[in-house]
Amino acid sequence: MKNNTSSIKKSGLGAKASRRISNTLIYIVLIVMTVVWLFPYFGIVLESLRMESTGRVDYMIPKEWGFGNYEYLFTNTNFPTWFINTTIMGLATAVLQTFFILSMSYTLSRLRFKGRKFLMNFMLILGMFPGFLTMILIYKIFGDLGLTHANAPFGLIIVYCASSGMGYYVSKGFFDTISKSLDEAARIDGATRWQVFYKVIMPLSKPIIIYTILMGFMAPWGDFMLARFLAAGDDLGKNVAVGMWGWLQATNPSTMYTRFCAAGVTVSIPVTAVFLALQKYYVEGVTGGAVKG
Amino acid sequence: MKQLNALEYLKLNKFQRFLYDFKQFFCAIPGWFKGLILAFLGLVKDFAIKIKDGFLDIIHTFVKGNWAVKLSFVIFGLGNIYYGQIARGILFFLFEVAFVVYMFFIPTSVDVSSGLPNYRTQSGLNWLKSVNWFETGNTVGTIQQKPGYDYEYDVPITIPGEDSTRVLFNALLAVIFIIAFIVTWRLQVKQCRICMDITASGKKIKSGKDDLKSLLDDQFHKTLLAPSIIGIGLFTVLPMIFMIIIAFTNYSDVFGSIGLLNGQSELYQWVGFKNLAELLNFSEGGIGVAFGELLVWTLIWAVFATFTNYFLGMMVAIMINKKGIKIKKFWRTVLVMTIAIPQFVSLLYISKMFDFNGFIGSFLYNNVPFIRDYLVANNTNTLWQVPEAARIMLIVINIWVGIPYVMLMATGILMNIPADLYESAQIDGANGVQQFTKITLPYMLFVTGPYLLTSFVGNLNNFNIIFLLSGGGPTNFDMNIPSLEGLVPGHTDLLITWLFKLSTGSGAGARYYLASALGILIFLVVAILSLIVYNVIPSTKNEEDFA
Amino acid sequence: MASVKLTNVKKIYGKNTLAVDNFNLDIADKEFIVFVGPSGCGKSTTLRMIAGLEDISGGTVEIDGVVVNDLQPRDRDIAMVFQNYALYPHLTVFENMAFSLRLKKVPQDEVYKRVTEAAEVLGITEYLTRKPRALSGGQRQRVAIGRAMVRDSKVFLMDEPLSNLDAKLRNQMRAEIILLRKKINTTFIYVTHDQTEAMTLGDRIVIMKDGLIQQVGTPTEVFDMPCNLFVAEFIGAPKMNTFNTKLVKEGDKYYVTPYGAKIEVTGEKATALAAKGVGSQNIILGVRPEHFVLAEAGAPDAISCQILVNEMMGSELHLHVVTENGDKLIVRIPTVSLTDDQRRSLVQGAPLHVTCEGKVMHFFNVEEQTNLLV
């Protein structure tokens, strides 16, 4: 926009001045957005520190400050169990799911075999069924195997990971961008396909491996549907989402509200820290995945 | 309609072009379905040819084979052992033995305390006999539990029967086992043929060690895929088939999970297409009314949720990326926080914040007169209780949730748009807005076509947002469907949240049969919409436009 | 150091896309053979079948007398240089070159010796500790060649190794490959779409089109005696002029009659025509641009035409001319043979009279487009 003469005529402003105005407008919008986006987080932190009451109130700034709600969480509730449950699930899922997703996406991206197209179409169509429906049978069978109720976290790990190969799209998109002639060069250099996989492609795939691990770790923290179904009301088998959701249901909002906020903060801190530290890889994954389909 | 050639098309003005494209689009729809059907018929034809070739091959193998090959038509693996592939042959043979034992010789399990059969395990054949596939009016499983009397101890007892879920599941397993048996039989016959051919050509037959080695090399895909395929087969395909079958029964989980643990069993019936018919019964008081209303709202929701996020997110990305805007990283990180913090925390909190007791809810009620008037007119004190308001709030809060994702993605893509496109547009005299509509937007739409499709489908099934924010409420009192009792969908329920309610029961008893039938319908909706969207998005049509 | 033999090799993609068909070739030990042809002619596919990167749909490939159809690439003892270099981005230049030796578990001393020797030859010793992304295109190309060199393999395959380089670097590398070949002294199979590379590098050239071999021969053979119109036009730059005309036999003598001129066929060509007993007929006449000479206006053997474009190349002139009936020809005249006056007169629009050398004309059958003399 160096010499945009027509805009000069129309607005009567120099290019510099008009840019300054538009930038100011953008700053205003961004600042407003920042407030809106951070507002709930400020709110939740403030309410978690409120000591004068445990229910909801019509003001934001606590009248009495303290960590009582946090103390209560770890002494009088099952929150520590839920937190440990979810952490275990997160770690296990991060490892297992990465294994499943990488092996599936690598195979579909770089190996050619009979039935490849069929497999991809099949998984596409399978993915259109509401996945939740599978839970009814799984619940029954896991019930027989003792993987529901208090043991639900173990059942859930299996459920999260077993079919995770179907979510191969993002990492396949990544693998597709690595030149195929690297594989060919390595195979001529004497590598077996396994050696191509772990000596050539894996070292080049750090971003997508971290992305997949990150996604695996985050999944159990946000899952509600499957977790609630398998826990079947048993307090010891819940993840944080299901457990804390219960606190806000009709029976106990007035006693548990500020504690919910405290738990929310406690949960958010580690997850957010991990996420922000690995943000770069997440962005790469999101961008690559969207572009590649 | 008349097809125009390129020059004739260029003669049309904007409006005529739009009209033409519009007509073309709808005239093409039958074509897609025709294409699909033709492709399907092609598959069937290919399959038939394969079967035919297979049979010819089998006959050839039998005629030309020696005694070992001929015998291995009955005794698995004999041919392989004859040709020196001992390990492989033994595996084949063991599979056959396992199959026969499973099918015929597993005894019916017995309750330890009472000594009566409790039908927890049976032979494959018995499961298959018991299941009464799709016989409308008949039960899934045949032996009903019944009250009995223990004369020894003088107490009434329950004589165990079969449990339909178990029968159906095991019968499915048996069918899968039979299919596996046939496939394995074919496989080992084929192996014999291959061995015969190799021997005839004078080459050496691969040993078991070579087989193992090749699993890391030219058969590496098998090694990599095996865990995933087994996982998907067991935890998605099998339960999915089970649930599709459930849609043809009246399974509603009478005893619930507690009953199952206590050893009670129930038999349910095959009902044919009754459930699907009920779901599609659009007459007064039929469940179809609820389904139809839900479908409409689900579609409205998905369209709004997808496109508001998409365009606003893109705007934000453009704003942050604009030259001269400082601390770009800060603005981005603020938004990315929304992705990092688990949704149930932020969404549940926001939901309560807007409630009457929450401070925004109470602030709006007490300090904004027109909102108070509106709420009073609707006989309530919170926006979540007014259907239209709840729906609008969902869409607005979803913008809060969704913008960061789109912003991140758009940022990456914006950086990839070649700068010379903008430079040449500036020289051609395009202003900022024109640059956006003529370059940025088409480019983005092109590149993110697949993303739009997945996010649209994702929004159709967006469970978390609805369930955590509104829980499907407010309750729909106008909808009077006696057969649904407590499971009438609320005003903001999506198909998927209703499905969840139907299968958890939420106090009114689970309706698995309806949930399954609904699941099939959801599949159809998603599949048809995907097909349409897939044919509309530019990325699949003009692949080279921006290449 | 091995011979390569291809017998009836065939490649079919999908159900019925024929990429290569009926490919028969004997490559002698230590021969430098070049596959050349336009894109999509199947030359790279053939090379990749030899390498084992593509399945062979039919026929056999033998290396050193052993059928390798079912062997994995690593069991064929071949080395290959790729068009886009295919260097491993995460490894240093040294490790890139050592990769195959490491897989074979060659001891470190030996690895060090072989890699540094190859690096010495290629002049990349100082880059051995760098990663590929820190290298220029030419350096990467050298590393790729080095990686293939350390293998000490039987056959050296090169798939358009120079086409990603700029023109100047390409000429330089071409010369280096000729020198390199003297040092390595093994069997080379080289794929290119550039006829100059083919002519300068190959002991023998295999010219391909649409999956079929058109001609196999030394550079001189394919230049002097192209077996069909395609080869004639493909080899040589600027490309050969061709026009429909008549071959007339009058007594013992043969004449061609392009654009009203009457030019006698002389030398070996005339002898060969007579020996084959060729009679008068319609033919396609092929004349290379450099085989035109200026003629007097009005002479019986003069083709009169008009200059469209005059390209001054320095040592020679490329004249794009149009004949009286609108055909376009290219005439190439060494500058040294022209007087200053002549050079000044050769401007756009000026008339020009040319004839062609009788002893270097090519005659092609109108229907099959094959050379009458082959």
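## Surroundings of Met89(A)

Met89(A) touches Pro153(A), Leu156(A), Ile157(A), Pro220(A) and Asn239(A), with residues up to four places away in sequence left out; two residues are in contact if their C-beta atoms, placed from the backbone, lie within 7 Å. The residue is found in helix 4 (residues 79-110) of chain A. Helices (H or I, at least four residues) and strands (E, at least two) are DSSP runs, numbered from the N terminus. Met89(A) is buried, with 25 other C-beta atoms within 10 Å. A residue is buried if 20 or more other C-beta atoms lie within 10 Å of its own, exposed if 12 or fewer, and partly exposed in between, the C-beta atoms being placed from the backbone. By contrast, 38 Å separate the C-alpha atoms of Met89(A) and Arg187(A), which are 98 residues apart along the chain.

This is a predicted model, in which local features need pLDDT of at least 70, side-chain atom pairs count only at pLDDT 80 or more, and totals for chains, interfaces and linings use all residues. Residues are numbered from 1 along each chain as its sequence is written, while chains are lettered from A and ligands numbered from 1 in the order in which they are written.

## Chain A as a whole

Chain A has 15 helices and zero strands. Its radius of gyration is 25 Å, well over the 19 Å that the globule rule gives for 293 residues, so chain A is more spread out than a compact globule. The radius of gyration is taken over C-alpha atoms, and the globule rule is 2.2 Å times the number of residues to the power 0.38.

The C-alpha trace of chain A spans about 80 × 75 × 35 Å along its principal axes. Of its 293 residues, 48% count as buried. Among contacts in chain A between residues at least 6 apart in sequence, 73% join residues at least 24 apart.

The contact between chain A and chain B takes 71 residues from chain A and 81 residues from chain B. On the chain A side, helix 2 (residues 15-48) provides the largest share, twelve residues. The residues of this side divide into 48 nonpolar, 18 polar and five charged. Here Ala, Val, Leu, Ile, Met, Phe, Trp, Tyr, Cys and Pro count as nonpolar, Asp, Glu, Lys and Arg as charged, and the others, Gly among them, as polar.

Between chain A and chain C, the contact takes 14 residues from chain A and 17 residues from chain C. Helix 9 (180-188) and helix 10 (193-204) of chain A are the elements that give two or more residues to the chain A side. Helix 9 of chain A gives the most, with six residues. The chain A side that touches chain C consists of seven nonpolar, four polar and three charged residues.

## Domains of chain B

For chain B, the domain assignment gives domain 1 (6-64), domain 2 (71-272) and domain 3 (277-541); such bounds come from an automatic or database domain assignment. The centres of domain 1 and domain 2 of chain B, taken over C-alpha atoms, are 37 Å apart. Their contact takes six residues from domain 1 and six residues from domain 2.

## Domains of chain C

Chain C is assigned domain 1 (4-233) and domain 2 (234-365), and the C-alpha centres of these domains lie 38 Å apart. Twelve residues from domain 1 of chain C and eleven residues from domain 2 of chain C form the contact. Helix 6 (195-201), helix 7 (219-224) and helix 8 (229-234) of chain C each supply at least two residues of the domain 1 side. Helix 8 of chain C gives the most to that side, with five residues. The domain 1 side divides into eight nonpolar, three polar and one charged.

## Helix 4 of chain C

Ten of the 13 residues of helix 4 of chain C are buried, so this helix is largely enclosed by the rest of the structure. Among the buried residues are Arg140(C), Val143(C), Ile145(C) and Met149(C). The buried residues pack against strand 6 (78-81), helix 2 (93-103), helix 3 (108-122), strand 7 (155-159) and helix 5 (167-184) of chain C.

## An open sheet in chain C

Five strands of chain C form an open sheet in the order 13-12-11-14-20, with antiparallel pairing; two strands pair if DSSP finds at least two bridges between them. Strand 13 (263-264) and strand 20 (362-365) of chain C stand at the edges, each with a single partner strand, so one side of each is left without a neighbour in the sheet. Strand 12 (residues 253-256) and strand 13 of chain C pair over two bridges. Val256(C) stands opposite Ile263(C) in strand 13 of chain C.
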